[in-house]
Amino acid sequence: MDGQRQDRLIEQVLECRTTSGRAELGHALSLVCVRALPDVDGAALVFYSGSRAQELVGASDPWAAGIEEAQYTVGEGPGFAAVAAHGPVLVPDLSFDEVRWPVFAGAARGAGLAAAFFFPLRIGAMLLGTLGLYRRRPGVLPAEFVFEAALLADLISHKLLLQNEEMASEERIWLETSYQDVNMATGMLAALMRISLEDAFLRLRAHAFARGRSVVDVAGDVLARRLPLDQLTD
Amino acid sequence: MPPSDEDWNLDRTRFTADAEKAIASGQAPTRDHGAPLGPLAQQFATLTYSLLDATTTGEVLEQVVEAASRVVPGADLVSVTLRSRDGKFHTPVETDRVATELDQLQYDLGEGPCLDVADPAGPAVATAPDLAASTSWPRFGPAAADRGLGAVLSTALLPEIQSPRLSGALNIYSHRQHGIDQTDHAIALLLATHASLALAHTEAVDIATLQAEQLRRAIDSRDVIGQAKGILMARRGLTADEAFDLLRRSSQHLNVKLVELAETIAGRHDELELP
């Protein structure tokens, strides 16, 4: 990558400005990635806590958001692997990696995903989450663009940190996040069924998986009290 | 319960008695591990252990702020100021909102006790027993008094004594005029020393790391706050907003952080009742 291109990427990330919060910034940053990298059809940013996805910060489009939601629902996939490895995980052809993540590969290929590349969002040694890049057709990400994607992930981490600093502490706690419904539904189920939070989360996930739904949708039903509890006892 | 003047004097007598005995017998002071520690010494022992466990700068600073609120009798509000190499000031850990405002006020006015002691070439301690009548900080003093503060004490934090890349201050505010006395000074100095030592042992102290830690903690607390909301919604038939309001009011009422309250609710959801 020449210096000029590098400067342009830096400029594009740092100049992303939004008036209405993190999700919109996440959307804008994901679009920068899609535009900068060749043959990348979608991108999404996800915050992790430990080994658990916590928040879809933003996505380039609903398709990319859906891929992340599928990964969150099944609880495995290259994004989780990138978090565990603290490094990039490159999957040029998802059909070759059925063995590694059979459930995720099935769900994602069903949604039209053929290749995916995950880069850690990091500040120093601290891991915040992942930048996911998705492709509808299989193929490697050329070395030059692997380097650019890693640079973009670093720039985006700092941009998200800067935005977090600009928010008041109250807003940071208030922040309604994409997967917050799942956390609330988990708490609700645990209290109603007198089971542990871990078990409650697993039941939500199992129910979603068995019905081919997203765990976020199922959580919405639980919160709206549309889903009878006995359906979750299996 | 913060230790009283009486506790402090008892502790001090106990410490000096040991030394006096040693001087009288012409030997080095010995430490009797069997002797019961006074309440203040106990609090410090606990703090030292937990500081040794703290691995990040943010954790150290949070614990010091919490300890100061607990063991400094005159402390109504506590905060920490850090000064980075470029001369900018930051309030790195979230404590009391009013304390943060008071710190910001000093940064904006360019004067105040925390600025004085955070200057590596400045004094170790700066204090105004009566803020309204402060001559050292003619603008900050009255402005703080307008916000209902009576007295302030700032003690220097020097994580890197050799080359002070980053320096800081432990700030203690009292609502009462002359609300901070000699006992408070002595305890604050001890705390600042503990904090400086602990800071020296954490990884590189820089503002970006602290900010990243804050973001990390905010992400980590997402699920527990959500879960606690869900538990309250289920048990009380509340909406999500009502559940959050209840959490927030209870955290103010019980004077614990919202995240800690959420953790307690989530951790013991089958037994705990909120007032």
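Val152(B) faces Tyr173(B), which sits in strand E5 of chain B. That pair is a handy way into this model, which is a predicted one.

Zoom out and you get an open sheet of five strands in chain B, ordered E2-E1-E5-E4-E3 with antiparallel pairing. Which strands sit at the edges? They are E2(B), residues 89-90, and E3(B), residues 125-128, each of which pairs on one side only. As a reminder, strands in a sheet pair through backbone hydrogen bonds, in either a parallel or an antiparallel way.

## E4(B), buried on both faces

Is E4(B) enclosed or open, judging by how many of its residues are buried? Seven of its seven residues are buried, so E4(B) is largely enclosed by the rest of the structure. Ala151(B), Leu153(B), Thr155(B) and Leu157(B) point one way, while Val152(B), Ser154(B) and Ala156(B) point the other way, and all of them are buried.

## Helices lying across the sheet

H3(B), residues 57-71, lies across E1(B) (77-83) and E5(B) (167-174), and runs at about 145° to E1(B). H4(B), residues 97-109, lies across E1, E2 and E5 of chain B, at about 40° to E1(B).

H3(B) has 15 residues and spans 21 Å from its first C-alpha to its last, close to the 21 Å expected at 1.5 Å a residue. Its buried residues are Thr57(B), Gly58(B), Val60(B), Leu61(B), Glu62(B), Val64(B), Val65(B), Ala67(B), Ala68(B) and Val71(B). For reading that list, keep in mind that an α-helix has 3.6 residues a turn, so residues three or four places apart point the same way.

## Chain B and chain A by the numbers

Chain B has ten helices and five strands, and 41% of its 275 residues are buried. Of the chain B contacts with a separation of 6 or more, 61% are between residues 24 or more positions apart.

Chain A also has ten helices and five strands. Buried residues account for 46% of its 234 residues. Of the chain A contacts between residues at least 6 apart in sequence, 60% join residues at least 24 apart.

## H6(A) and what packs on it

H6(A), residues 143-166, has 24 residues and reaches 35 Å between its first and last C-alpha, close to the 34 Å expected at 1.5 Å a residue. Its buried residues are Glu148(A), Ala149(A), Leu152(A), Ala153(A), Leu155(A), Ile156(A), Ser157(A), Lys159(A) and Leu160(A). What do the buried residues of H6(A) pack against? The partners in chain A are helices H1 (3-14) and H2 (22-36), plus strands E1 (42-49), E2 (52-59), E4 (115-123) and E5 (126-135).

Leaving aside neighbours within four places in sequence, Ile156(A) is in contact with Val13(A), Leu29(A), Leu45(A), Leu121(A) and Leu131(A).

The largest nonpolar core has 90 residues, and Leu131(A), Ile156(A), Met188(A) and Leu204(A) have the most contacts inside it. The largest share of this core, eleven residues, comes from H8(B). Another core, of 47 residues, lies apart from it; Val71(B), Ala99(B), Ala144(B) and Ala156(B) are among its members.

## Where the chains meet

How many residues are in contact between the two chains? There are 27 from chain B touching 27 from chain A. On the chain B side, the elements giving two or more residues are H8(B) (207-236) and H10(B) (258-267). H8(B) gives the largest share, 21 residues. By type, the chain B side divides into 13 nonpolar, six polar and eight charged residues.

## An exposed spot on chain A

Ala84(A) sits in H4(A), residues 78-85. Ala84(A) counts as exposed because it has 12 C-beta neighbours inside 10 Å. Ala84(A) and Pro120(A) are 36 residues apart in sequence, with 9.8 Å between their C-alpha atoms.

Conventions:
Residues numbered from 1 in each chain as written. Chains lettered and ligands numbered in written order. Predicted model: local features only at pLDDT ≥ 70, side-chain atom pairs only at ≥ 80, totals over all residues. Contact = placed C-beta atoms within 7 Å. Helix = DSSP H or I, 4+ residues; strand = E, 2+ residues; numbered from the N terminus. Nonpolar A, V, L, I, M, F, W, Y, C, P; charged D, E, K, R; others polar. Core = buried A, V, L, I, M, F, W, Y, C linked by C-beta atoms within 7 Å. Buried ≥ 20, exposed ≤ 12 C-beta atoms within 10 Å, placed from the backbone. Pairing = 2+ DSSP bridges. Axes fitted to C-alpha atoms, helices over the stretch in contact; angles between N-to-C directions. Expected span 1.5 Å × (residues − 1).
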